[in-house]
Amino acid sequence: MLFSGKFSINFYAVDIFKKAGSHMNEYLSAVITAFIHLIGALMFIPLVKKFNRKTLLIVSSFVMGVSLILLGFCMYTKSHETMLMPSVYGYDWLPIVSMVMYMVASPIGLCSIPFMYIAEFYPSELRSVLGGLTIAISNLELFIVVKTFPNLENLIGDHGVFWLYSAACFGAILFTLSYIPETKDKDLTLMNDKFARLRKAERVSPWVSPLPSPSVNSIKKFQYKSQMFTQ
C-alpha cells in the first residue's frame, strides 16, 4: 500500500505537475486531483458493500500501476530527446488523466482495504496490540517512502521512481492472488484455516485428549507402584 507511492505523490503533487510538462496551472491541478481523491473515497463506501475485497484490491492496484506507467512515460519523454516527444507534447492532458485515474483508484482498494484487514485477520484477544503495531509500522514506512522520494529522483530519475511504484502495485496483485483470503460475508473464525499451513505443526500427544499429558515424574511413580503390586 505505502510503496505504491500514494503519499509521496500527495506531498509532491505540485512539483510532479511542473516536471510532467502540463500547461495547466500546477496548483490548480493539485487541487483537482485532491478533489478527485475525495470522490474516489466516497465511491469506496458502496463498492465495498457490493464487490469482493480481492476484486477491489486487484482492480485498484492494476489501475494505479497503469497510471504510474503513463505518468512515468510522460516524465521520460519530457527529460529525454526521443522521437515520441512531438506526439506526446500534443497530449498535455495525459499527466492530468494519469493522476486522476490514480487518485480515483487508490482509495477504492489498495489504500483502504488493508486497514479493514486489521479487524478481519487478527484474533480478538490480540487485535488491539497487533493493530497498534501494524499502524506504527505503517507510519514508519510512510516516513521512509516520503523521505526517500527526492533521493530516488536523483538516483533513477522521475520516471524511474514512478515505474518503481508501478512495480509495487503489480506486486500487490500477485500477493493478493497468492496469499490474501476473501473475507466478505465470511465467518472470521475461518480465516485461521488459510494461514494454518504457515504455522508450526504441534506435536501430537499419545495421551487421550482432553486429559493433560502426565509428567515424567508421575509416569515413574506409576511404574514403581505397578511393580510393587505385581511382586
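The stops below begin with the overall fold and then turn to particular residues.

**Conventions**

This is a predicted model, in which local features need pLDDT of at least 70 and side-chain atom pairs count only at pLDDT 80 or more, while totals for chains, interfaces and linings use all residues. Residues are numbered from 1 along each chain as its sequence is written, and side-chain values use heavy atoms, with hydrogens and water left out.

**Whole chain**

Select the entire protein and colour by secondary structure. The protein has 10 helices and zero strands, where helices (H or I, at least four residues) and strands (E, at least two) are DSSP runs numbered from the N terminus. The order of elements from the N terminus is accordingly α-α-α-α-α-α-α-α-α-α.

Next, display the surface. Its accessible area is about 14500 Å², with 68% belonging to carbon and sulfur atoms; accessible areas come from the Shrake-Rupley method with a 1.4 Å probe, and for residues only the protein chains shown count as cover. Of the 231 residues, 35% count as buried. Here buried means under 20% relative accessible area, exposed over 50%, and partly exposed in between (1.4 Å probe, protein chains only).

Contacts may be drawn at this stage, a contact being heavy atoms within 4.5 Å. Among contacts with a separation of 6 or more, 76% are between residues 24 or more positions apart.

**Aromatic rings**

Select the Phe, Tyr and Trp side chains. How many aromatic pairs does a search of the whole structure find? The search finds seven aromatic pairs. Rings of Phe, Tyr and Trp (its six-membered ring) pair if their centres lie within 6.5 Å; planes under 30 degrees apart count as stacked, over 60 as edge-to-face and the rest as tilted.

One of these pairs is Tyr-12 with Phe-149, which is stacked, at 4.9 Å centre to centre and 20° between the planes. The pair links distant parts of the chain: Tyr-12 is in the loop between α1 (6-11) and α2 (13-20), and Phe-149 is in helix α8 (residues 127-179), 137 residues apart. Tyr-12 is partly exposed, at 21% relative accessible area, whereas Phe-149 is buried, at 1%.

Select Phe-62 and Phe-170 next. Their rings form an edge-to-face pair, 6.2 Å centre to centre with 75° between the planes. This pair also links distant parts of the chain, with Phe-62 in helix α4 (residues 53-79) and Phe-170 in helix α8, 108 residues apart. Phe-62 is partly exposed, with a relative accessible area of 46%, and Phe-170 is partly exposed, with 27%.

**A charge over a ring**

Move to Lys-6 and Phe-7. The charged end of Lys-6 sits over the ring of Phe-7, 4.8 Å from its centre; the criterion is NZ of Lys or CZ of Arg within 6 Å of the ring centre and within 35 degrees of the ring normal.

Select Glu-120 and Arg-53. A search of the whole structure finds one salt bridge, defined as a side-chain nitrogen of Lys or Arg within 4 Å of a carboxyl oxygen of Asp or Glu. Glu-120 and Arg-53 form a salt bridge, their closest N and O atoms being 3.0 Å apart. Glu-120 lies in helix α7 (residues 113-121) and Arg-53 in helix α4, so the pair ties together parts that are 67 residues apart in sequence. Glu-120 is buried, at 12% relative accessible area, and Arg-53 is buried, at 10%.

Then select Glu-153, in helix α8. Glu-153 is buried, with a relative accessible area of 15%. Leaving aside residues up to four places away in sequence, Glu-153 touches Lys-19, Asp-158 and Val-161.

**Cysteines**

A disulfide is a pair of cysteine sulfur atoms within 2.5 Å, and the structure holds zero disulfides. Cys-111 is buried, at 12% relative accessibility, and Cys-169 is buried, at 0%.

**Last stop**

Finally, select Ile-96 in helix α6 (residues 94-108). Ile-96 is buried, with a relative accessible area of 14%. Its C-alpha atom is separated by 9.4 Å from that of Ala-30, 66 residues apart along the chain.
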